[in-house]
Structures are given as structure tokens and as C-alpha cells.
Amino acid sequence: MTKLSEAIGRIKPSATMAMSGRVTELKAEGIDVIGLSAGEPDFDTPDFVKEAAIKAIRDGETKYTPVDGTMALKKAVAGKFLRDNELIYTPKQISVNSGGKHSLFNALVATVELGDEVIIPAPYWVSYPDIVNFAGATPVVIEAGADQGYKITPEQLEAAITSRTKWLILNSPSNPTGAAYSAEELKALAEVILPHQQMMVMTDDMYEHIWYADFAFSTIAQVCPDLYDRTLTVSGCSKAYAMTGWRIGFAGGPEWLIGAMRKLQSQSTSNPCSISQAAAVAALNGPQEFLVDRNAAFQKRRDLVVSMINDTPGLHCPTPEGAFYVYPDASELIGKATPKGKIIATDEDLIGYFLDEAQVAAVHGAAFGLSPAFRISYATSEDILIEACTRIQRACAALS
């Protein structure tokens, strides 16, 4: 039998993808399961984006493109960074990739090695530590609980930095919590980072257009220009433009890093899909007003879910500033027994109970590095959310 590599042994399958796959299987069996595990907007890709893709197909734009993006898309990305983030990047400073995960993977694999450390605030997106492990570096996790709004403090960051620290990965608004750093909070973190010249910042801004109420999105290179040359600003089309399946992510950063990412991509995937690139040009250059209406819908769903979860025995749910997730604390339910006598020892047990007894699928907090908790995606209709939260309420009330 062929022996697998040490690198592949350092990672595990994505817990979110695994749960989404389980939901698909259960639905195929005819089980009335409500899936709240997928990080995917239920809105459709805008029609003007679809039309741009259809036109590209008809115009024969089906050949290879430059490895890390067409010039048209790089210019559109540069325009987006200037318009939305007040950041100036030239096309040579932009990498276009097959999704935001690909951008992060390329940057980490191209820059870290054995002995390097990457700081990751927890709760974190499930892929961060696995990509770091695959690349051979060591994840250094900083836990930020509900009591601090799921955001790390400057003091925590300072305590985690060593001479081996290569990157800080900063995701705002966050997957899985929806927590988002204000401009002032980012400035405070930047003050800690600046003296550590060996350290860079990777911002995962995939949810930058999905935020609520009086919050205003900022990214760290925007609020701290002194970190511009040490920041990789990552975003994409998946969430705001409901283009998850189109697989377009992009990043802006120093030329030396973008060049290294290009080299790696030239020997792995080569260019992202040409049709998806044409669609992304339309998304970034086209009308943006629809984002306001979609955010208003997301905010109504957020408020509904937060209210119902906080009315649930044993659960506490902070109100997130952005994205489309909530991350309820479930510590009061650990140690309780189900009606069948099984003890809920972990948040994974709790999620299994919800799936088996309430037919609601969520993702356990251990997958995101902070327990006991779980993630709910509210990127679905209000009627479905009401039914799902009602089922969760009944399931929790049945514990003893």
C-alpha cells in the first residue's frame, strides 16, 4: 500500500464540509433535516453577473488566462480595494485565485516553514490551523471567548508573539462568530505588531460587505498604513455576491509575496476559471446597491436567531456585528442528560443530539477552536430559521 505523505497526515477533513455532506445524505434518505451548517448565502448570484459569464462563453473566453488573473480582473480588484478599503494596489500586487481559501493556502505555503509560528485567534475558521500545519509551521491559538466579544485583546496578542512569529491571521467579520473589529480595535492591535519586524498580517476580509447597524468595516492596512508592506489583504466574490461555486478569491500585497504566490499557483492549479473571472469583473465593477438590501435581510435574520437562541434554556448568544453566523455559548448544557439517558459531555455530543433528535444540523465549537459552543448559519429564510430555532429550544428544554 502506498504510504501517504507526512504533510497530508498533519491535516483533517473540514468539519463544516463534513456536516454539509451529512445533511445532503439525510435529505436523500427522506429525513426532514434543517441544515444550518453551510457558510453559503441563500441569495442567487446577481443576474448582471450571470449575463457577463454567458457573454464570455459566447465570446469564446474559454482559453487559459495569465496564471493569477486576467488584467481586466486585476484592474477590477484594484478598483475595489481603492473604492471599498482606500488601499492602492497595482496589478503586480494582486493575485487572483480559486477562492479565498486558495489565496490563504498559497500565501502560507509560499512563506512558512518548520519552526515558524502563525498566530490564529479562536474561534477560527476551520481551515486556518490545518493549512498552517500542512505548510509545516505551528499554529499559535489565542482564545477569545464570548465575554470579550470573541475578539482578542492587544495584551493577548503581545503575549503570543515570539521571534518565530511569521503571521497573524485576522478574520473580520468572523467565521464562525460574526464578531468584527472596529477601526480603533485594529489600530490597537497594529501598535502591538509594528515593532515586530519579522511579523506579517493576513486579513481574511471575505465578509467585509456583510455588517450591520452602526458598525463600519475597516481592514488593518487601511487604518495603519505603516503595516501596508507587511499585510496581505484577502477577499473575494463568494459571500457578498453569492458566488461561492464560482471560486474567485483575490489578495493584495507586496510584490515579492504576490510573485511567490504566482509561482506556486503556476505549478498547482494554474489560472482560475476564465468564465468565473469574467463574471467577477462584472461583480466588482457593476452596481453595488443590492448589497444594502441583502444586508438588511441578513440583519433581520440575525436579530431573529439571536432572540430565539437567547430564549433557549442553557444557551447564551452574543449579537454579532457582521457575517451570517451566530456562535452560542453552550457551557450550561455540558453534563446534562438527553431523554434517552446519554450525557452531553462535549459540544460535539450536543450537535449530534440536535441532529438526531431535532433534525437540525449545526457545527460544534471544537471544530473552530473554542468550546463548548456551536455555529449556526442564518443564511436561509426566516420561516426555516424559526422552525430550526424552535426545534433547538425543544431539544434543550428536554435535557435534564
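Two strands are taken to pair if DSSP finds at least two bridges between them, and helices (H or I, at least four residues) and strands (E, at least two) are DSSP runs, numbered from the N terminus. The model described here is predicted, so that local features need pLDDT of at least 70 and side-chain atom pairs count only at pLDDT 80 or more, whereas totals for chains, interfaces and linings use all residues. Residues are numbered from 1 along each chain as its sequence is written, and side-chain values use heavy atoms, with hydrogens and water left out.

Strand E3 (residues 117–122) is largely enclosed by the rest of the structure, because six of its six residues are buried (under 20% relative accessible area, with exposed meaning over 50% and partly exposed in between, for a 1.4 Å probe and protein chains only). Both faces of E3 are covered, with Glu117, Ile119 and Pro121 buried on one side and Val118, Ile120 and Ala122 buried on the other. In a regular strand, side chains alternate between the two faces of the sheet. E3 runs parallel to strand E4 (residues 138–143), to which six bridges join it, and valine 118 stands opposite proline 139 of E4. From E3 the chain passes through helix H6 (residues 127–135) to E4 in a right-handed β-α-β crossover, a term applied if, with the strands pointing away from the viewer, the path from the first strand over the helix to the second runs clockwise. E3 also pairs with strand E5 (residues 165–171), in the parallel sense over three bridges, and isoleucine 119 has leucine 168 of E5 as its bridge partner.

An open sheet of three strands, with antiparallel pairing, has the order E9-E12-E11. Strand E9 (325–326) and strand E11 (363–364) are its edge strands, each pairing on one side only. Two bridges link E9 to strand E12 (residues 374–377) in the antiparallel sense, and isoleucine 376 of E12 is the bridge partner of valine 326.

Serine 37 lies in the loop between strand E1 (34–35) and helix H3 (47–58) and is buried, with a relative accessible area of 2%. Apart from neighbours within four places in sequence, serine 37 is in contact (heavy atoms within 4.5 Å) with Thr16, Met19, Ser20, Val23, Ala361, Ala362, Val363 and Arg375.

Helix H13 (residues 347–358) and helix H14 (residues 382–397) pack with their axes 10 Å apart, at an angle of about 110°. Axes are lines fitted to C-alpha atoms, for helices over the stretch in contact, and angles run from 0 to 180 degrees between N-to-C directions. H13 is therefore roughly perpendicular to H14 (65 to 115 degrees; under 35 counts as roughly parallel, over 145 as roughly antiparallel and the rest as oblique).
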